[in-house]
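User: Hi, could you help me read a structure? I'm new to this and would like to go through it piece by piece.
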Amino acid sequence: MKIEEALAKLEEITARLERGELPLDEAIGLFEEGLALAAAAKKDLDAARLRIDQVIEQAKGTLSVEPFDVS
Amino acid sequence: MNDQRVYTVSELNREARGLLESGLGEVWMKGEVAGVSRAASGHLYFSLKDSESEIDIVRFRGRAPVLAPIEQGMVVLVFGRATVYEPRGRYQFVASLVQPVGSGLLHAAFERLKEKLRLEGLFDPAHKRRLPTFPERIGVVTSPTGAALHDILAVLGRRWPIARVFLFPSSVQGDAAPAELVAALGRAGSFTDDGAPLDLVILGRGGGAAEDLAAFNDERLARAVYASPIPVISAVGHDVDVSITDFVADVRAPTPSAAAELVTPDRAEIADSLQRTAGRLESAVTARRTAAERAFRSSLRASLVREPRRLIETREQKLDVHVTRLLGFRRAAADPLIERLHHAEEVLKLTDPRRPLERGYSITHVVGSNVPLRSASEAAPGCEIETVLAAGRLRSRVEEVTET
């Protein structure tokens, strides 16, 4: 899931849980889902490494995409 | 002669003014400054002459500032229109720009182009687009060997490595630069990755002399920026440098690093907000659990009194489910609420009427009543009783009652 979607979903879950009207098993289910989402998003954020590609026009109208060597 | 029109003085002056202004339009003129005077009003009056001719020049206060003091004998370029000062019938030139010749030329051309593009609407705020909050694909149009790229990548790597970067290399100075930049920006605009266009493109270069930044004042590039289908961030030189692309772009960044900051969220801030949300989740679920436990205890008390077996079975089953799930939480072990739920489970087990039955005891009640018999006196000969065993039930009739 994209970070953006995970954040939106997490906010929705938290808001539902905070309203406090849910049956216990549903509340616990949401809590688990929320924690899992937060943990996954945090993991994605920590693990991300910037990927850089170079886009060059080879012949007229044809582009090549190749990894760019940063060093 | 009679049918020829007779003008009044003011009519003639007005007509002459109109002819001059519309006939010549705005022009550049070069000449040598003579007879400078600054009026108390702030307007500047001087004459401009060459070897054969002379003209009065007015530059009204509040127009573009004069970059250098205008002095007698200086050669300057003026931009404006020839007109007639009607009350005096005096022919003069109203200058909107006055530039010393030489160093000012580049700047004069800059101002001229800027004004032209502004009038065409290329700087229109309504045309400017908002940047996405979480960009996934970031284009960069710059030199592959320049300091700008290095700075941009450093910031993106720190703040938002979630994004992928697509570099569209181009030279950024020299005669070929404007055309290369236009081509690279065009490629960025039409580029797709997995069918998705770029979220935005950073167009820029590091600091340099005014001449080195000239490519970013090119009219073709300005128009390409305006036509770009994706948002463009102009990031040229240092924060004191201003280029035409800065005005046309959707966002102007003072430097390339600042551009990379402007277009990305900071992952450290997002991690903090995730932490805060997890905290909110925990307080919410704790509150819900406390409430549920309270409700459970009171209904447990009631059900033990009323209908021991069936209710206890279902409650216990529910409790098992909750306890199992709660035990799955990472932090749950130390949670006093969990301990209390365990305790409640133990209490349930001890009070479960089926336990003794398995060891051979039984429960007897009068048919039609749920109250277990504790004393023989509670039954009378002839009444029907039911005995609940660990497996199955017996129905019997009382023959005799012996009280102890």
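Analyst: Below we go through the parts you ask about, and please keep in mind throughout that this is a predicted model.

User: Thanks! How many helices and strands does chain B have?
Analyst: Chain B has 11 helices and 15 strands, and of its 404 residues 25% count as buried. If you take the contacts in chain B with a separation of 6 or more, residues 24 or more positions apart account for 61% of them.

User: And how many residues does each chain give to the contact between A and B?
Analyst: Chain A gives 31 residues and chain B gives 30 residues.

User: Which elements of chain B are on that side?
Analyst: Those that give two or more residues are α3 (147-159), β7 (164-169), α8 (267-306) and α9 (308-327) of chain B. The largest share on the chain B side comes from α8(B), with 13 residues. Sorted by class, the side of chain B that touches chain A has 21 nonpolar, three polar and six charged residues.

User: What does β7(B) pair with in chain A?
Analyst: β7(B) pairs with strand β1 of chain A, residues 51-59, in the parallel sense and over four bridges. In this pairing, A:R51 stands opposite B:R164 of β7(B).

User: Why would residues a few places apart point the same way?
Analyst: An α-helix has 3.6 residues a turn, so residues three or four places apart point the same way.

User: How far apart are the ends of α1(A), and what follows it?
Analyst: The end C-alpha atoms of α1(A), which covers residues 3-19, are 24 Å apart, and this agrees with the 24 Å that its 17 residues should span at 1.5 Å a residue. After α1(A) comes A:G20, whose phi is positive, near 70°.

User: What about α2(A), how far does it reach?
Analyst: α2(A) has 24 residues and reaches 34 Å from its first C-alpha to its last, close to the 34 Å expected at 1.5 Å a residue. Its buried residues include A:A27, A:I28, A:L30, A:F31 and A:G34.

User: Which residues touch the most other members in the largest nonpolar core?
Analyst: That core has 66 residues, and those touching the most other members are B:I152, B:L185, B:I202, B:V225 and B:I233. The largest share of this core, eight residues, comes from helix α2 of chain A, residues 24-47. Apart from it lies another core, of 10 residues, with B:L48, B:I57, B:A95 and B:L97 among them.

User: What does B:I152 touch?
Analyst: Leaving out residues up to four places away in sequence, B:I152 touches B:V140, B:I202, B:P256, B:S257, B:A259 and B:A260.

User: Last one: is β15(B) in the open or buried?
Analyst: Strand β15(B), residues 393-397, lies largely in the open, because the number buried among its five residues is zero. β15(B) pairs with strand β14(B), residues 384-388, in the antiparallel sense over five bridges, and B:E384 stands opposite B:R397 there. The hairpin of β14(B) and β15(B) has four residues between the strands, and in this hairpin B:G392 takes a positive phi near 90°.

Definitions and conventions: Residues numbered from 1 in each chain as written. Chains lettered and ligands numbered in written order. Predicted model: local features only at pLDDT ≥ 70, side-chain atom pairs only at ≥ 80, totals over all residues. Contact = placed C-beta atoms within 7 Å. Nonpolar A, V, L, I, M, F, W, Y, C, P; charged D, E, K, R; others polar. Pairing = 2+ DSSP bridges. Expected span 1.5 Å × (residues − 1). Buried ≥ 20, exposed ≤ 12 C-beta atoms within 10 Å, placed from the backbone. Core = buried A, V, L, I, M, F, W, Y, C linked by C-beta atoms within 7 Å.
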